Amino acid sequence: MTRVKVSEIFGTNVFNDAVMRERLPRPIYKALKKTIDEGLALEREVAEVVAAAMKDWAIEKGATHFTHWFQPMNGITAEKHEAFISPTEDGRVITEFSGKELIKGESDASSFPSGGLRATFEARGYTVWDCTSPAFLKEDASGVTLCIPTAFCSYTGEALDKKTPLLRSMEALSNQAVRVLRLFGNSEVKRVIPTVGPEQEYFLIDRELFLKRKDLVYTGRTLFGAKPPKGQELEDHYFGSLKERVSAFMKELDIELWKLGVSAKTKHNEVAPAQHELAPIFTNVNIATDHNQLIMDTMKKVANRHGLACLLHEKPFAGVNGSGKHNNWSLSTDNGQNLLEPGKTPHENIQFLVFLCAVIKAIDIYSDLLRASAANPGNDHRLGGNEAPPSIISIFLGEHLTNILERIENGVTSERQRGEKLYSGVSTLPLLRKDDTDRNRTSPFAFTGNKFEFRMVPSSSSVSDANVVLNTIVADSLKEIADRLETVNDVHEEIKWILKDIISNHKRIIFNGDGYSKEWLSEAEKRGLRNIKSTVEAVEAYITKEAVELFSKHNVLSEQELRSRYEIALETYIKRTNIEALTMIEMSNKQIIPAVIKYMNEVATSLNQIKATNLNIQITEIEKLVIEISETLNTFKIKVLELESLTQSAQKLKENIKEQARYYRDVICKSMEELRLYGDKLENMVDSKIWPIPTYGELMFFI
Ligand code: ADP
Ligand code: MG
């Protein structure tokens, strides 16, 4: 076993601050740093020098190509590789990479979803360097490529990607948070940066078995599969010791990620069999989002090398836990103060309470938007299911913090309760103790001591959407607080009233109980909290009047951009569900039905032979079995025909995308569920040697 020193390999493939400091002339380095730290525009001369240094560094490390690396709205990362070469007049080539090539790329945008933003005659899109996320080298069998993180927009400047709105939302949040800090008398902080640490869940299965399942290959999830004798009921997988094949995978994954500067920190088994998790150390939300894309890519690549397949789908298997991302989110000042960390002094605590209440208000007012940000077709199968957060948004604060808020609401500011020390401070608010959060695993949005953990995020999606919403809605709350504080003389007195108002108006969103329980469903309804079960319903939140106002007020997304995102979400839902339906039909007709007929034939032949012996052997139960199989098979085929005809009818609704999406959700999905029921019943009746696709037991336990 080769030993690896993390410190020696960490960040070796990243054009990071240390490399820049070493390779760039001092004034250029300073200019670039200023651009990065203060979000200024990059000067052309600076770009030229940076490009040259970046190229030399990359070529020394074996790179032959560069690519603008971007995240179009379909959620993947896109790359268009270009060689570092330019022809010379005498027929040779020289390596070249200009400032222009670094800063801006032109890309045919027509093959990426734009939701009607890009008129067909204007197919050009631009990629623009995001110098706040460092360039890196991607190494694989095909060679080494310099990847330059970029934003992607249309010719007319509309965002066509996941990065642009994220950067805009960071700006919006920073502006408003700094305003609030100024009112608190803080004149040093220039920027406030959302920090994120996304925990990534995934499944690992044997690659050969994976390739035998068309549903996994085409759709990422199993569309058939009878329950195996063993599931997750023994709870023997969570934090269990790692199988050698899995730990070899994880080790290589860590090394690949460390080279890319991704601080992969924890890894462990998750609740479901074959389910695992990786968590990096948190960092600024833009980099965390890029890193999460790299984590997903690298997981798939490394899994292949180990004869494994990595499943990032939210619900690859029915009946056991699905996968998500826990988006740990907080706010940090540019001098490193966590604004969601309860402080040591009463002054710090009031500031903490203001930011905490700003979040509470934001989540309560815009819970539908937050829900929409976590909507994808895969998550429809996960949310509200086995151990997944329910589809209702609520906030877990823990008893202690909830009590404090109650007391603020009631105007009680200082007392002793259950032996806890509560000091009344200069501003008559109690001092908080750190680490006072009980662990509640059932809440979709939990305060965990010094950050919030949003647990609804789909495992396969970019974390951008969730953070764009979080940043923007909190920016809006902070704006209202700042607006109000700016009009008064006694800021501290006004803060008390602001907190009191927020708590009494928005406390319904706080829920510390069991989010998986049935009682919560009715309790939430009583409180007027919505339970939005499907993507089709959820994404409506993006185009409401309130959402349009909110996102344009903070310059995060225009009405047109929101509309395009809404349409893409519905289109994606329709396309993905359609692929699932077609995959089921194909598996049914080409694999399941022929296998069952073969089995029936074998049994019938054997029965005839047994009868021919005239030995009076008892076979009535077996005869009944053949009849039952034949009846089930017949119904199965009827269901296949039904699904086929329904998918054809769905095509007729093309003109109205909303109606078509609803049809897929209500009619096609239901038909698929019914078909599956009969398919799984057949699986339980047929000889396992004849069953044509690997079973759940094999997929989850044979690794
Ligand atoms: P768990 O939720 O599994 O108990 P931890 O609480 O240790 O795990 O952390 C989960 C994730 O939260 C990690 O990625 C960690 O880096 C991240 N995290 C910790 N502090 C912050 C913060 N201030 N802002 C954003 N993420 C954070
Ligand atoms: Mg967690």
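Predicted model: local features only at pLDDT ≥ 70, side-chain atom pairs only at ≥ 80, totals over all residues.
Three strands each supply at least two residues of the shell around ligand 1: β9 (192-206), β11 (275-280) and β14 (325-333). In total, 15 residues surround ligand 1, and the closest are Thr-195, Gly-197, Phe-282, Asn-328 and Ser-330.

Let me turn to the domains. The domain assignment divides the protein into domain 1 (6-161), domain 2 (170-557) and domain 3 (572-701). Between the C-alpha centres of domain 2 and domain 3 the separation is 40 Å. Where these two domains meet, 21 residues of domain 2 are in contact with 26 residues of domain 3. On the domain 2 side, helices α8 (214-219) and α18 (535-538) each supply at least two of the residues that touch domain 3. It is α8 that gives the most to this side, with four residues. By class, the side of domain 2 that touches domain 3 has twelve nonpolar, four polar and five charged residues.

Finally, I come to strand β6. In a regular strand, side chains alternate between the two faces of the sheet. Strand β6 pairs with β8 (residues 143-154) in the antiparallel sense, over five bridges. Within this pairing, Val-128 stands opposite Ala-151 of β8.

Key:
Residues numbered from 1 in each chain as written. Chains lettered and ligands numbered in written order. Pairing = 2+ DSSP bridges. Near = placed C-beta within 6 Å. Domains from an automatic or database assignment. Contact = placed C-beta atoms within 7 Å. Nonpolar A, V, L, I, M, F, W, Y, C, P; charged D, E, K, R; others polar.
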